[in-house]
Amino acid sequence: MTRRGVLAGAVAVGAATAAGCSVPSPPRVEKSADPAPGRPIAHAAGRALLMQFAAHPDDDLYFMNPDSQRLLDAGVPLVSVYVTAGEHTGRNWIKGMPPRTPDRAAYSSARHQGLRQAYAEALGVDRFTPWERRTTELAGGRRAEVDTLAHAGRRVELVFLNLPMHTPRRYMALPALWEDRALELRTHLSADSPVARSDGYDHDGLIEVLAGLLAAYRPTVVHTLDPDPDIQHSDAATRGRDSEQPGYSDHGDHTAVACFTWAALLRRVARATAAGEPVPAFATVSFRGYYNRHWPKNLPPRVLAEKAAHLVPYGGDPSWECGNPSGCGDYGVGGDRPLTNRKGWVRATHYRWPAPGPAVAAGPDGRLAAYGVLGLRAVRWRETAPGSGRFGEPEDLGGGPLAPALARAVLPDGRLLLFAVRFAALAGRGGPNRRELVVLEQRSPGGPFLAWRGLGNPERADDRGRRIGAPAAVTGPDGRVHLFVRDADKGVATRVRAADGTWGPWKALPAQGELQDGLTALTDAAGRVHLLAAGRDAVRHWTDGRPVAALPRAGDPVAAVPAEGPEGVRVFYRRPAEAALRASSGPVPDFDGYGLLSAAPGPGGPLLLGRDEHHRVQLSRAGRLHTRTEGPAPVGDPVPHAGAAVGLGADARPWLWRP
C-alpha cells in the first residue's frame, strides 16, 4: 500500500467531535503503554527516518538545527510537520518595499515557499527547484498539503496542517485548543495550496492526526519543541517584544504544539501495544525554543554561520523570482537578520533534557549493556559477545512514558540504578499535567530489575514540577547514592539513597544563582561528591553539598574527572560561542567543537568525548585526537566507556566506536 493510502486508512479511527455540542466531553487523559516491562520492541531493520513537529514554519530552522541538517546530510529521510499556517498578521514586509495590505493567505504561502527554498538548498539543489505538491487525507477526513523533494538518495517531505495562529476570539489559538474542551479551530487556507477546503480540529482531533502521522511514517527519530519551558516572569511590554507567553520563556504556540506532540507520541505507543503490536522503536529529542535568548549562546562561529545560512533561503527576498505569486519567503528573516536580531534565537541550540547517552555498564559476563529510552520506555541492549562491539535486540524495561534522558548509578555490589523523568499525566483541557522522577533498581548485577519506583518531585505544584530537568546521579564511597535535578527556580534539588536502600527527602542545595540544565556529578579520590552546573554567569560548583569557587561562564554543560589537589576535580568546558576547549587546570588538548562534553579517567590522561564543528563524534585519548567518520549518524551525544564511545544511531540502535 502507498503511504498515501496508509495516511488515509490507518489513521481514520475516531473522527473529530462535532462542533456545537452543548455539553463538552470530559478531558481524556492520554494513557501510555503499561509501565511494566517485557513488551516486544519493533525491529527497525536498519531503516532510519527523522520526523520533526514544529508550531510555525521556521521553528525547525531556528531551534532543531544543526541536528536536523546533520541527519539529512547523512542520508536520513526527513519529514517535517508544521501545525500552524504561520499566517500571523499577514504582513510580509521589510524596509524599502512599497506599502501593501496585510494578506494572511499570501503570507502563509510565502513562508511555505521559504521552507521549500531552504530544504532544496539543504538537499544540494537550486533553491527554486520545483517540488511535488499534493493533498493527503488524514484522520477524520481532514486534509493537508504534502510537499516532497528528493535528490541524490535523500528525501524531504513537508506536511502543512495549517491550523490558525489567531482567531477573532482567541488570539493565541493553539494554547486555547490545548486547554479548552469545547473549542474547535478551522484550518487556514494558504494561497496557492492544493488544499481548497477548510477542516475543523478540536483537541482530540489534533492528537489523532499527529498520532496517525506517526503511525504512517514510523519514524526512528522524533524531534519536538519544549513542552515544559522555564518559568520566566516579565512585564507585558517585555513579553510583547520577546514574543513570549505570560510566565514562561517560550512562545505559547511552541509549548502547545510540543504538548500535543507528546500526547500523540503517548497515543501512538498505547494504541500499538493495545493492538498487540510491538512498541514503536523511536528515539525522541526535545529542543528548547526562546530559552536560547536568556542563556549564554553555545554555537561557535563556524557552526553558527552554517545554521544561519539555512535561514537565508527561507527568508528569501522580494526581488527573487521563485514562481510563487504570494511571495518568495518570510522577508523579515532574510539576509543577515537572524544574526542581527537582538533576540539571538539562532545563536544557540539547546536540548530540553540534556544528557549524554545511552547509559552504559559492563555485566558480570564481560558484555556491555547499553540503556536508553525507545518508544518512551526504558530498554536494554546487550553486546552479542564480550568485546564484539555489536548489540542485540532491545529488551523492554518499561517505565514509560519517559523523557529522553537516563541517569545511572552503580551500587557497591555492582547493581545498577536507572533514573528518569516520567510523564505521569499529560491531559490538557483542564486535566492533570504532571512529571515525576522514577528509579529502576537491578535485582542482581547484570540481571533483571525490580519494579519501577516513584521518587516524587522536588516541586509540590504540578505546574512547577513540569520544569524539572534531566537527572544526574553518583554513588559515594560510603554506598550512598546522590540524585540531583534542576528545579523550577533554576537551582538544584537533591535526594539521597542511604546504603540500606532507604531514600531521604528532597532538599535544595545552597543557591548559587540561576543554572542551565545539564548537571555533572562525580566523586574525587578522597570520596567527596562534586556537582557542577553551567550558570547564567559562571560554572557553579558544590563539594559535598557546599558551594566552592566558581569557574568562568560556559555555553553548555561541562565535563569533569577526578584530579589531585584541593579542588579534587579537573573541569573541561567551552566559553560561550567558542569552539576551543578550556580546562580548570593542566594541559588542554586540541578539541575544538560544540555541544555536550563527556570525560572519563584514562591511563594516559583524561579521555574526552564530544562533537567537532562538523557534528562528527571525536575522542581525545592519551594525547591523540580521533574522529568518527563511518557508521550510523549519531542522535544526541555519546558516552565514554573503557576507551571507546557508545552512542545511539538514527536507526534507533546503539553503536560502539573504539578508535
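**Notebook: aromatic rings and their partners**

I began with charges over rings in this predicted model. The charged end of Arg142 lies over the Tyr201 ring, 4.7 Å from its centre. I then looked up Arg127. Its charged end sits over the ring of Trp320, and here the distance to the ring centre is 4.2 Å.

Next I turned to ring pairs. I found 15 aromatic pairs in the structure. I looked up Trp262 and Trp353 as one of them. This pair is edge-to-face, with 5.9 Å centre to centre and 75° between the planes. Where do the two residues lie? Trp262 is in helix α8 (residues 252-274), and Trp353 is in the loop between α12 (337-340) and β10 (359-362). The pair therefore ties together parts that are 91 residues apart in sequence. I checked burial too. Trp262 has 0% relative accessibility, so I note this residue as buried. Trp353 is also buried, at a relative accessible area of 5%.

I went on to Tyr290 and Trp345. Their rings are stacked, 4.1 Å centre to centre, with 0° between the planes. Tyr290 sits in the loop between β9 (283-286) and α9 (291-294). Trp345 sits in the loop between α12 and β10, so this pair joins parts 55 residues apart in sequence. Buried or exposed? I have both Tyr290 and Trp345 down as buried.

How values were computed:
Residues are numbered from 1 along each chain as its sequence is written. This is a predicted model: local features need pLDDT of at least 70, side-chain atom pairs count only at pLDDT 80 or more; totals for chains, interfaces and linings use all residues. Side-chain values use heavy atoms; hydrogens and water are left out. Rings of Phe, Tyr and Trp (its six-membered ring) pair if their centres lie within 6.5 Å; planes under 30 degrees apart count as stacked, over 60 as edge-to-face and the rest as tilted. Helices (H or I, at least four residues) and strands (E, at least two) are DSSP runs, numbered from the N terminus. Buried means under 20% relative accessible area, exposed over 50%, partly exposed in between (1.4 Å probe, protein chains only). A charge sits over a ring if NZ of Lys or CZ of Arg is within 6 Å of the ring centre and within 35 degrees of the ring normal.
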